Amino acid sequence: MVTTDQSRSAHEALSKDFPDAITGPNDAGWDAARYSFNVLIDQRPEAVARPESSAQTADIVRAARELGLRIHVQGSSHNPGPVGPLDGYLLMRFDRMKEVTIDADGETARVEAGARWWDVVPQTSELGLSALHGSSPEVNVVGYSLGGGIGWQARKKGMQANSITAIEAVTAAGDQVRADADNEPDLFWALRGGSGNFAVVTALEFRLHPVEGFYAGNLFYPFERGTDVLHAWREWTRSAPEEVTTTARLLQFPPLEEIPEIVRGKSFAVVNGAFLGSEEDGEELFKPLRDLSPEMDGVGMVPPGALSEMHMDPVDPMPYLTTHSMVDDLTEAAIDDAAEIAEAAPVPILELRHVGGALSRPAEGCGAIAALPGEYVTFGVAPVFDPSAVPQTEAALSRLDGAFAANDVGRYLNFTEVETDVAAMFPPETLVRLREVKAAYDPDNAIRGNHAVGAP
């Protein structure tokens, strides 16, 4: 454990060597530097580093290790809960490294570690290309990708992690490396799904996919019909082709100014998703959902860039608690119980996401997350604006977990926002190999991802 005096001297030493890149507890901008997207989590690292190049990243890593600090990297600061308060850590952020380069002919992208999907998606969309991004444009590309990455083409094209073709990184020893199928192959495998536990990633290269548009959007139904809508959607997914990826949600919007007026303070059952196909085929595919008589119908042909906004995820930090599981089936009883909990308790967002398809099959040359178990992902989100409501909210989320427990088959790393045994995220043989790679590249356990695979 780093003492107060050691912390002060470590910060002073780093600031002396990297005056423009280090922020410490007594510096202006400290609170902004250490922020978490989940404002319930109070991160207090020893210092925050904001390097401007891969070379400077390597220098900072070497200096931090000499000072006895461990390193944790955050992009957009989603999912920081499993790491804890960061005592003894240098928190590294890459908001000064956001360069994005698109090779339209080669259908690839190279992004630096600070880029977010809103830095990438508009550019690729204009070129008739699409990345395998997720539901929020605000999320960091690297963090999303290293944790797996399941988005609106996932059932057809799999995880974003397995679209990565090369990774530029700095090892715990401070060496700059390029990992791909031929160079540092074990590191390349581990980072693609094992998250940022093995090296500090400074850039990614990944495949893009040519597509002119999607048949996609939202269908809003009356909230009081929510249970019936969830049942109908579940039945519809049983024969849905892999070209379509959808979610079904119960949404209770708070009366906040940043929320569009048309839904502000209102509640709905919502089905949304994207179909990789023609308008004619899309209309036929979505007809059973339209036959449920939505209040608002926003589904139609859209350019690739529209997918990043479709889910209406918040882009500003907020206080919240979550729960999540992967299940091999959604029973009628589980849906009924979950809907009742979400409607009556402080869980204003219940999301059911259809997975399976390509996500259930190991991709050729895949990384550490070869496939996901189960057919559905469940996710409960509860904003907590009054800290005194935390115990009640945690209890409600626990009951939501219980509704799906009979069919629970594991956890997906990117959606697991509390400290959880990583044995629930990887098959036993994968976890063994991940720990071997960790021991080879970071024997002192200096680098920590959201969910650690090495020793605590």
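# Chat about a predicted model

Me: How many salt bridges does the structure hold?
Reply: There are 24 salt bridges in the structure. One of them joins R62 to D59, whose closest N and O atoms are 2.4 Å apart. These two residues are 3 apart in helix α3, so about one helical turn separates them. R62 is partly exposed, with a relative accessible area of 34%, and for D59, also partly exposed, the value is 34%.

Me: What about E351 and R353, buried or exposed?
Reply: Both E351 and R353 are buried, and they form a salt bridge in which the closest N and O atoms are 2.9 Å apart. Elsewhere, a network of salt bridges that share partners takes in E99, R110, E168, R178, D180 and E205.

Me: Changing topic to the strands, what is the order in the open sheet of 5 strands?
Reply: The order is β1-β2-β4-β3-β21, and the pairing is mixed. The edges are taken by β1 (22-23) and β21 (447-448), each of which has a single partner strand, so one side of each lacks a neighbour in the sheet.

Me: How does β3 pair with β21?
Reply: Strand β3, residues 70-73, runs parallel to β21 and is joined to it by 2 bridges. H72 has R448 in β21 as its bridge partner.

Me: And how many bridges link β4 with β2, and with β3?
Reply: With β2 there are 3 bridges in the parallel sense, and V48 stands opposite L91 in β4. With β3 there are 4 bridges, again in the parallel sense, and I71 has L90 in β4 as its bridge partner.

Me: Which way do the residues of β4 point?
Reply: Y89 and L91 point one way from β4, whereas L90 and M92 point the other way, and all of these are buried. In general, side chains in a regular strand alternate between the two faces of the sheet.

Me: Which strands does α3 lie across?
Reply: Helix α3 lies across β2, β3 and β4, and its direction makes an angle of about 165° with β4.

Me: Then the core: which residues of the largest nonpolar core touch the most other members?
Reply: That core has 80 residues, and the ones touching the most other members are L90, W117, I150, I167, L204, F206 and F426. Leaving aside residues up to four places away in sequence, I167 touches L146, V177, R178, A179, F188, L191, R192, V201, A203 and L204. Another core, of 40 residues, lies apart from the largest one and includes Y215, Y221, W233 and A345.

Me: Now for helix α9, which of its residues are buried?
Reply: In α9, residues 279-290, the buried ones are G282, L285, F286 and L289. They cover an arc of only 80° around the axis, so they are on the same side of α9. E280 and E284, on the other side of the helix, are exposed.

Me: What do the buried residues of α9 pack against?
Reply: They pack against β12 (214-222), α8 (226-237), β13 (244-252) and β14 (267-275).

Me: Last topic, the backbone: what is phi of E184, and of M312?
Reply: For E184, phi is near 50°, a positive value in a residue other than glycine. E184 is in the loop between β9 (176-179) and α7 (185-194), and is partly exposed, with a relative accessible area of 31%. For M312, which is likewise not a glycine, phi is positive and near 65°. M312 lies in the loop between β16 (300-302) and β17 (320-327), and is partly exposed, with a relative accessible area of 33%.

Methods:
Residues are numbered from 1 along each chain as its sequence is written. This is a predicted model: local features need pLDDT of at least 70, side-chain atom pairs count only at pLDDT 80 or more; totals for chains, interfaces and linings use all residues. Side-chain values use heavy atoms; hydrogens and water are left out. A nonpolar core is a set of buried Ala, Val, Leu, Ile, Met, Phe, Trp, Tyr and Cys residues joined through side-chain atoms within 4.5 Å. Buried means under 20% relative accessible area, exposed over 50%, partly exposed in between (1.4 Å probe, protein chains only). Contact means heavy atoms within 4.5 Å. A salt bridge is a side-chain nitrogen of Lys or Arg within 4 Å of a carboxyl oxygen of Asp or Glu. Two strands pair if DSSP finds at least two bridges between them. Axes are lines fitted to C-alpha atoms, for helices over the stretch in contact, and angles run from 0 to 180 degrees between N-to-C directions. The arc is that of the directions from the helix axis to the C-beta atoms.
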